[in-house]
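Here are my notes on this model, as numbered points. Please read them beside the coordinates.

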Amino acid sequence: MTRTAEGVQAPDDVLVALADPIRREVLAVLASEGAATSTSLAASLPITRQAVAKHLAVLDRAGLVRAHRAGREVRYEADLQPLRRATRWMDTLATQWEHRLDAIKDLAEGATGP
């Protein structure tokens with residue numbers, strides 16, 4: 001795990017999980033349509049049920065989906081809280097970079113003089 005200068009934990013698992021376009025699509029489907037099984041997700045994706053299950057496992061490790069057993073089937077639903085934390089982390093990082101770039105600009109403008 002990486003941390004920012006302020007000690008905020010970087011959302012590595014979330015970023016790794018979202019790096020794959022199929023996982024992003026799976027998460028988008030779950031977020032928009034609600035809970036689904038790996039079988040029902042595979043019906044709308046260009047991959048097998050087994051591949052969907054592997055992608056769901058990565059999303060689960062990142063905390064982006066939760067699995068609920070209902071009899072013999074396992075239904076997955078999106079949990080967007082880790083994504084919100086990742087967004088806040090990225091906003092903090094962007095602010096830090098803006099401050100650094102402003103400082104560089106101020107130094108550069110001061111070095112050239114009036």
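1. Start with Thr37. Setting aside neighbours within four places in sequence, Thr37 is in contact with Glu73, Val74 and Arg75. Keep in mind that the model is predicted.

2. Where does Thr37 lie? Thr37 sits in the loop that runs between helix H2 (21-33) and helix H3 (38-43).

3. Is Thr37 buried or exposed? Its relative accessibility is 11%. The cut-off for buried is under 20%, so Thr37 counts as buried.

4. Now the whole chain. There are 114 residues in the protein, and 28% of them count as buried.

5. Next, the order of elements. The protein has 5 helices and 2 strands. Read from the N terminus, the elements run α-α-α-α-β-β-α.

6. On contacts in the protein, consider pairs of residues at least 6 apart in sequence. Of these contacts, 48% join residues at least 24 apart.

7. Which residues gather in a patch of negative charge on the surface? They are Glu98, Asp102, Asp106 and Glu109. One of them, Glu98, lies in helix H5, which covers residues 81-112.

8. To recap two sites for your own check. Thr37 is a buried residue in the loop between helix H2 and helix H3. Glu98 belongs to the negative surface patch and lies in helix H5.

Terms used. Residues are numbered from 1 along each chain as its sequence is written. This is a predicted model: local features need pLDDT of at least 70, side-chain atom pairs count only at pLDDT 80 or more; totals for chains, interfaces and linings use all residues. Side-chain values use heavy atoms; hydrogens and water are left out. Patches are made of residues with over 30% relative accessible area and no salt bridge: like charges are joined within 9 Å, nonpolar side chains (Val, Leu, Ile, Met, Phe, Trp, Tyr) within 5 Å. Accessible areas come from the Shrake-Rupley method with a 1.4 Å probe; for residues, only the protein chains shown count as cover. A salt bridge is a side-chain nitrogen of Lys or Arg within 4 Å of a carboxyl oxygen of Asp or Glu. Lys and Arg count as positive and Asp and Glu as negative; His and the chain ends are not counted. The place of a charge is taken as NZ of Lys, CZ of Arg, CG of Asp or CD of Glu. Helices (H or I, at least four residues) and strands (E, at least two) are DSSP runs, numbered from the N terminus. Buried means under 20% relative accessible area, exposed over 50%, partly exposed in between (1.4 Å probe, protein chains only). Contact means heavy atoms within 4.5 Å.
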